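Trainee: I have a new structure to look at. Please show me how to read it.

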Amino acid sequence: MIPESKIIETLIIIGVLLFIVINQARIKGIIYFKILLYAFSFLILNNIFSILEELIWENFLNILQHSCLAISSVLLTIWCLIVFTRRRKDIGFRDNK
(Lines give C-alpha, C1' and ligand atoms only; values in the text may rest on other atoms or scores of the structure.)
Protein backbone atom coordinates (compact mmCIF):
# COMPACT_ATOMS: atom_id res chain seq x y z
CA MET A 1 0.00 0.00 0.00
CA ILE A 2 1.18 3.50 -0.85
CA PRO A 3 1.78 5.70 2.23
CA GLU A 4 -0.39 8.79 2.66
CA SER A 5 2.65 11.07 2.65
CA LYS A 6 3.55 10.00 -0.88
CA ILE A 7 0.00 10.66 -2.06
CA ILE A 8 0.10 14.15 -0.55
CA GLU A 9 3.53 14.75 -2.11
CA THR A 10 2.13 13.68 -5.50
CA LEU A 11 -0.82 16.06 -5.15
CA ILE A 12 1.53 18.94 -4.32
CA ILE A 13 3.74 18.13 -7.31
CA ILE A 14 0.70 17.99 -9.60
CA GLY A 15 -0.36 21.39 -8.27
CA VAL A 16 3.07 22.88 -8.96
CA LEU A 17 3.07 21.30 -12.42
CA LEU A 18 -0.31 22.91 -13.17
CA PHE A 19 1.04 26.24 -11.94
CA ILE A 20 4.04 25.91 -14.28
CA VAL A 21 1.82 25.07 -17.26
CA ILE A 22 -0.57 27.96 -16.56
CA ASN A 23 2.25 30.49 -16.02
CA GLN A 24 4.63 29.40 -18.78
CA ALA A 25 5.15 32.91 -20.12
CA ARG A 26 6.14 34.28 -16.72
CA ILE A 27 8.36 31.34 -15.91
CA LYS A 28 10.29 31.80 -19.15
CA GLY A 29 11.27 35.20 -17.79
CA ILE A 30 13.24 33.62 -14.94
CA ILE A 31 16.98 33.63 -15.50
CA TYR A 32 18.13 30.18 -16.68
CA PHE A 33 14.62 28.79 -16.23
CA LYS A 34 15.51 25.61 -18.13
CA ILE A 35 17.80 24.48 -15.31
CA LEU A 36 14.90 24.91 -12.88
CA LEU A 37 12.59 22.94 -15.17
CA TYR A 38 15.11 20.11 -15.43
CA ALA A 39 15.46 20.08 -11.64
CA PHE A 40 11.68 19.91 -11.27
CA SER A 41 11.50 17.16 -13.90
CA PHE A 42 13.91 15.03 -11.90
CA LEU A 43 11.85 15.76 -8.79
CA ILE A 44 8.77 14.44 -10.63
CA LEU A 45 10.71 11.30 -11.61
CA ASN A 46 11.78 10.93 -7.99
CA ASN A 47 8.12 10.97 -6.96
CA ILE A 48 7.09 8.49 -9.66
CA PHE A 49 9.86 6.06 -8.69
CA SER A 50 8.97 6.50 -5.03
CA ILE A 51 5.40 5.37 -5.70
CA LEU A 52 6.39 2.56 -8.03
CA GLU A 53 8.92 1.15 -5.58
CA GLU A 54 6.03 0.36 -3.25
CA LEU A 55 4.57 -1.85 -5.97
CA ILE A 56 7.46 -3.43 -7.92
CA TRP A 57 11.29 -3.65 -8.09
CA GLU A 58 11.88 -2.11 -4.70
CA ASN A 59 15.69 -2.02 -4.71
CA PHE A 60 16.18 -0.91 -8.32
CA LEU A 61 13.56 1.83 -8.16
CA ASN A 62 14.93 2.99 -4.81
CA ILE A 63 18.31 3.58 -6.46
CA LEU A 64 16.65 5.45 -9.33
CA GLN A 65 14.57 7.49 -6.89
CA HIS A 66 17.56 8.66 -4.89
CA SER A 67 19.59 9.29 -8.03
CA CYS A 68 16.86 11.55 -9.40
CA LEU A 69 16.66 13.40 -6.09
CA ALA A 70 20.44 13.92 -6.09
CA ILE A 71 20.43 15.18 -9.69
CA SER A 72 17.55 17.53 -8.91
CA SER A 73 19.42 18.91 -5.89
CA VAL A 74 22.62 19.44 -7.89
CA LEU A 75 20.72 21.24 -10.67
CA LEU A 76 18.97 23.49 -8.16
CA THR A 77 22.31 24.26 -6.51
CA ILE A 78 23.85 25.12 -9.89
CA TRP A 79 20.91 27.40 -10.67
CA CYS A 80 21.26 29.18 -7.32
CA LEU A 81 24.98 29.68 -7.84
CA ILE A 82 24.49 31.07 -11.34
CA VAL A 83 21.62 33.38 -10.41
CA PHE A 84 23.08 34.78 -7.21
CA THR A 85 26.57 35.35 -8.61
CA ARG A 86 25.15 36.89 -11.78
CA ARG A 87 22.71 39.13 -9.94
CA ARG A 88 25.46 40.34 -7.66
CA LYS A 89 27.53 41.45 -10.65
CA ASP A 90 24.52 42.90 -12.51
CA ILE A 91 23.40 44.99 -9.54
CA GLY A 92 26.89 46.40 -9.21
CA PHE A 93 27.87 45.10 -5.80
CA ARG A 94 31.58 44.98 -5.19
CA ASP A 95 33.49 42.58 -3.05
CA ASN A 96 34.89 44.24 0.04
CA LYS A 97 38.56 43.44 -0.31
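The dialogue below goes through helices, salt bridges and a pocket.

Mentor: This is a predicted model, in which local features need pLDDT of at least 70 and side-chain atom pairs count only at pLDDT 80 or more, while totals for chains, interfaces and linings use all residues. Residues are numbered from 1 along each chain as its sequence is written, and side-chain values use heavy atoms, with hydrogens and water left out.

Trainee: How many helices and strands are there in the chain?

Mentor: Helices (H or I, at least four residues) and strands (E, at least two) are DSSP runs, numbered from the N terminus. This chain has four helices and zero strands.

Trainee: How much of the chain is made up of buried residues?

Mentor: Buried means under 20% relative accessible area, exposed over 50%, and partly exposed in between, with a 1.4 Å probe and protein chains only. Of the 97 residues in the chain, 24% are buried.

Trainee: Which residues are linked in a network of salt bridges?

Mentor: A salt bridge is a side-chain nitrogen of Lys or Arg within 4 Å of a carboxyl oxygen of Asp or Glu. The structure holds two, and the network links Lys6, Glu53 and Glu54. Glu53 meets Lys6 at 3.6 Å, N to O. That pair links distant parts of the chain, with Glu53 in helix α3 and Lys6 in helix α1 (residues 4–22), 47 residues apart. In the salt bridge of Glu54 with Lys6, the closest N and O atoms are 2.9 Å apart. Here Glu54 lies in the loop between α3 and α4, 48 residues from Lys6.

Trainee: Is Glu53 buried or exposed?

Mentor: Glu53 counts as buried because its relative accessibility is 12%. Lys6, at 13%, is also buried, whereas Glu54 is partly exposed at 33%.

Trainee: Which residues line the largest pocket?

Mentor: On a 1 Å grid over the protein atoms alone, a pocket is an open set of points where a 1.4 Å probe fits, with protein on both sides within 12 Å along at least five of seven lines; lining residues have an atom within 4 Å of a point. The lining here includes Ile20, Phe33, Ala39, Phe40, Ser72 and Leu76. Helix α3 (33–53) and helix α4 (58–91) each supply at least two lining residues, and the largest share, six residues, comes from α3.

Trainee: How much space lies in the largest pocket?

Mentor: About 200 Å³, where a volume is the space filled by probe spheres set on the grid points, which are joined across faces, edges and corners.
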